Each structure stands twice: as structure tokens, then as C-alpha cells.
Amino acid sequence: MASANNNNNKTPIFITGATGYIGGSVLERLLKHPSAGTFEISAIVRNAEKAKILESKFGVRVVHGSHQDLDKLEALAENAHVVFHCADADDEPAARAILSGLRKRHAKLGDLPILIHTSGTGELTDDARGEYATETVYSDLNVAQLKAIPESAFHRNVDLLVVEADEQGYARTHIVLPSTIYGIAQGALFDAGVSNPHSIQIPYLIKAALDRKRAGVVGPGKALWPDVHIHDVADLYIQLFDQIVSNPDKTGHGWEGFYFGENGEHSWYQISRAIGEALVALGIASDAEPTPFSVAELVKYFGSERMGWYSGSNSRCRADRGRAIGWKPRYTTEDMLKSIRPEIEAIIKQQKAAGKA
């Protein structure tokens, strides 16, 4: 990547979401990468204390700001040969600012910058409301199937912009679509309190269960979703990055650059039942069997009825493209179910510390 290097002969990398669950896990691996000495990593961070730790302890160049500071995002992207966008998959203005920066870089330097964008398998969801398991299974090698996803799907508006940038030829773009991510993230950034170690999807169900003193489920919970451990997801980003660097012409990008993150699948009932069993074991509930959420509870616990039904949708896929470039996920659905009790215990500890429990 010599043509992409800065004057100091280092490869400029910009990462968003460094203080988050996915971004922190990816940054953790970039800092430990065998080629880490050749990277010049930049991040944008809102929290001044975390920014200070990132700079002083981890050698990351930090710009103080948020993803609403579009001029800063654009400038950071323009100054990077590689961008890992690991923050909000639905923030279209932020995505446009990053793409604008990459376009400017290409026009100015002739460099073909690399974007690894984060989306999610929420893009594949239906409106099953827990009533059935779909037979539709997506493969990330099936481009015709990917192109047929409706524009109204979750995350789709931003993903189409990312693919368009690749088609226009000013960047090589790749999209990682994790599924239900689980596990408490580990590493120096998490130990230092810089990055968030917890996922979002399963904790929503856990927090609802703790509040109602019983596990809840959308409908009968028959719908299916894939799952993937946070460490396996982070490894997928790095495997993809390494493949792009070592073998760019044989690494799928654009429409051939969708990479699902999954290593097994589960029903929503299985998650809710595991939460219920943990609540009984912890003396919080007397019955492990989940009960259906009412519409009022969907609004209360998920913010809206629509987002509540999301936890009863189907999203089935196979991470064929990632495996084809050498990604080897280690954790299984069984590990996901085993991770639920430690996650509950961590959330209870958090709530006690915050005076909520």
C-alpha cells in the first residue's frame, strides 16, 4: 500500500465507533496487528477523558467531536487510505460525509481508498412477529439475491450509498453485516474504560425481563436469527482487511463486497427461554417459561411498536463470502445461549451501581 502511505511511510487508518462495542473490538485488533507499527490510526471521540486515554496510552490520534460534526468526519476520511466505519449503520449524513472525504482523496491523490462499512442482518428482516420461521436464507455470494432487498429495509439507504461509491470508482467499498452479536468484549481498551463491552440486542430483552420479573418474547418466538460472537465479528473485519491488503483484486467489493457475520442461528424463543432459566437460577423469577410481550410492553421496552416487532422477525443468512476468504469463527449458538447468564449478572451489577436495582 505504498502509494497510500503518508509522508512518514505509515498507512493512515480512520476508525469510527472506537468507544463502542464493535469499533472498540476492531481497534483492539488493529493495535495488536502484526503490522501495527506501520499504521497511523485516527479516531473521532466525543468524550474528552476517553480521547485522552486513547492518545496517551494507545497512541491513537484523536479528533474531539461527534458524528454530527460532518466537516470533521469528511476531513478525517479524506486523510485516510483505510476507513473502518463501525458506528451507527443508519446515520446517512455521517456516511455521506465519509464518502465525500474519500471522493476528495481520490480526486486529489489518485489513491483508491478502502472503506469497510458496518451494516447488519437487520437488512434481511421480515414482519413475522414471532409467528413462523421463514425458509428464505440469504447467501452473501448471491449478488442477485442481495440486489433484490427492498430499499425500505433497515440499513438499506446507507448500504446503497456505499455500493454506489464503489461503482463510481472513487473507493473500494466493503460492507460487514453482523447478526445478533453477543459476548462481553475483552481487551485493553475495555479494561481502560474506553470502549463499551456490551452488545445491544440481547440486553434489551434482558432489561425487559428484569423489569417485568419474567422473560418476555414476541409472539411464540418461532422466528430465526443468526448469531455471532463479538470476538469472531472483530476477526472478520481484520481477516477482510488483511485480504484487501494482500490480495485486492481477488477480494470482493461493491455488490460482491457484502460479508455476513454469522456462525449458527437461534429462535427468539431460545434466547427468551435462556433468560428465563437464568432468572430462575438467580432467584428473580419463579417460572422460566417466557410470556408474550403486550403491545404496550413493546413500546415500553423497545421504544416503539415497530422496534418491538423487530425482536420477532426472521433474518436468515450464511456467511459464505467471509469463510471463502479464510474467516474461521469459533463460537457457536450454544456459546451464545451460555453467555446469557453472565450478561444478566453484568447488567444487574450495572443497575445496582447506578442505583436502579
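Me: In what order do the three strands of the open sheet with mixed pairing stand?

Reply: The order is β8-β10-β12. The edges are β8 (180–182) and β12 (265–267), and because each has a single partner strand, one side of each is left without a neighbour in the sheet. From one strand to the next, the twist averages 40°, where axes are lines fitted to C-alpha atoms, for helices over the stretch in contact, and angles run from 0 to 180 degrees between N-to-C directions. The model is predicted: local features need pLDDT of at least 70 and side-chain atom pairs count only at pLDDT 80 or more, while totals for chains, interfaces and linings use all residues. Residues are numbered from 1 along each chain as its sequence is written, and side-chain values use heavy atoms, with hydrogens and water left out.

Me: What is the strand order in the open sheet of seven strands, and what is its pairing?

Reply: The order is β3-β2-β1-β4-β5-β7-β11, and the pairing is parallel. Since β3 (61–64) and β11 (258–261) each have a single partner strand, they stand at the edges, and one side of each is left without a neighbour in the sheet. Neighbouring strands here are turned by 20° against each other on average, direction ignored.

Me: Which helix packs on this sheet by touching β2 and β3?

Reply: Helix α2 (residues 48–58) packs there, with a direction that makes about 165° with that of β3. Another helix, α6, touches β5 (114–118), β7 (172–178) and β11, and its direction makes about 150° with that of β7. Touching, or contact, is taken as heavy atoms within 4.5 Å.

Me: Why is β7 described as largely enclosed by the rest of the structure?

Reply: Buried is the word for under 20% relative accessible area, with exposed for over 50% and partly exposed in between (1.4 Å probe, protein chains only). Seven of the seven residues of β7 fall in the buried class, so the strand is largely enclosed. R172, H174, V176 and P178 point one way from β7, while T173, I175 and L177 point the other way. Five bridges pair β5 with β7 in the parallel sense, and H117 stands opposite I175 in β7. Four bridges join β7 to β11, again in parallel, with V176 opposite Y259 in β11.

Me: Does R212 count as buried or exposed, and what is its relative accessibility?

Reply: The value for R212 is 19%, and the limit for buried is under 20%, so R212 counts as buried. R212 belongs to helix α8 (residues 201–212).

Me: What makes the link between the side chains of R212 and T291 a polar contact?

Reply: A polar contact is a pair of N or O atoms within 3.5 Å; within protein, one must be able to donate a hydrogen and the other to accept it, and residues adjacent in sequence count only if both atoms are side-chain atoms. The contact between R212 and T291 is 3.1 Å, so the distance lies within that limit. Not counting residues up to four places away in sequence, R212 touches T291, P292, F293, E297 and Y301.

Me: Why is the pair of F154 and Y310 placed in its class of aromatic pair?

Reply: Rings of Phe, Tyr and Trp (its six-membered ring) pair if their centres lie within 6.5 Å, and planes under 30 degrees apart count as stacked, over 60 as edge-to-face and the rest as tilted. The structure holds nine aromatic pairs. For F154 and Y310 the ring centres are 4.9 Å apart and the planes stand at 75°, so the pair is edge-to-face. This pair links distant parts of the chain, 156 residues apart: F154 in the loop between α5 (143–147) and α6 (156–168), and Y310 in helix α12 (residues 305–310). Both F154 and Y310 are buried, and together with W225 and W268 they form one aromatic cluster.

Definitions and conventions:
Helices (H or I, at least four residues) and strands (E, at least two) are DSSP runs, numbered from the N terminus. Two strands pair if DSSP finds at least two bridges between them.
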